[in-house]
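Here is a friendly briefing to read alongside the model. Please have the sequence and the 3D view open as you go.

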Amino acid sequence: TIRVKMVEARIKFDQNPKEWLQQYEQNQNEVKNQITTAQNLLSSVPINEDLRLKISTLCSELKIDGLRGDLVVNRCSKAYAALQGKSEVDTEHIQKIINLCLSHRLRKDPLDLLGPSAQIEEKFAEIF
């Protein structure tokens, strides 16, 4: 499992931190460059009005309290598009991040057989 791998990695780090860090240095640099590029691109990545409307419709129909869910989905989809090196947000970017942004914001209904992710995915398919 992932937990076992994390524990094993920590043990290896404790045994030889310098060697462990060198092992991941190239990968870390690639990730840093990807993030820096995304940060520079972020302010120029638009999300069109139709997608913003659909996001707000989705949040409204899921009965998400307030506007925080709408704002987070808008911001996160822009950040994800920038991280992917894209010049604008599309439906796939929103679909990729929507559960992370909204699942914890849904009201819990003990009689609802669908979990939060399934509810969001179902409503996403309906609206988008």
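Phe13, Trp20 and Tyr24 are joined into a cluster by ring pairs; rings of Phe, Tyr and Trp (its six-membered ring) pair if their centres lie within 6.5 Å. This is a predicted model, in which local features need pLDDT of at least 70 and side-chain atom pairs count only at pLDDT 80 or more, while totals for chains, interfaces and linings use all residues. Residues are numbered from 1 along each chain as its sequence is written, and side-chain values use heavy atoms, with hydrogens and water left out.

**Aromatic pairs**

- In total, the structure holds three aromatic pairs.
- One of them, Trp20 with Tyr24, is tilted, at 4.7 Å centre to centre and 50° between the planes; planes under 30 degrees apart count as stacked, over 60 as edge-to-face and the rest as tilted.
- Both Trp20 and Tyr24 belong to helix H2 (residues 17–42), where four residues, about one turn of the helix, separate them; helices are DSSP runs of H or I with at least four residues, numbered from the N terminus.
- Trp20 is partly exposed because its relative accessibility is 24%, and Tyr24 is partly exposed too, at 32%; buried means under 20% relative accessible area, exposed over 50% and partly exposed in between (1.4 Å probe, protein chains only).
- Phe124 and Phe128 make a stacked pair, 4.2 Å centre to centre with 15° between the planes.
- Phe124 has 6% relative accessibility and so counts as buried, whereas Phe128, at 22%, counts as partly exposed.

**Packing of H3 and H4**

- Helix H3 (residues 49–61) packs with helix H4 (residues 68–83) at an angle of about 140°, and their axes are 9 Å apart; the axes are lines fitted to C-alpha atoms over the stretch in contact, and angles run from 0 to 180 degrees between N-to-C directions.
- H3 and H4 are therefore oblique to each other: angles under 35 degrees count as roughly parallel, over 145 as roughly antiparallel, 65 to 115 as roughly perpendicular and the rest as oblique.
- On the H3 side, Arg52, Ile55, Ser56 and Cys59 make the contact, and on the H4 side Gly69, Asp70, Val73 and Asn74 do; contact means heavy atoms within 4.5 Å.

**The loop between H3 and H4**

- Lys63 sits in the loop between H3 and H4.
- Lys63 has a phi near 60°, a positive value in a residue other than glycine.
- Lys63 counts as exposed because its relative accessibility is 55%.

Definitions and conventions: Helix = DSSP H or I, 4+ residues; strand = E, 2+ residues; numbered from the N terminus.
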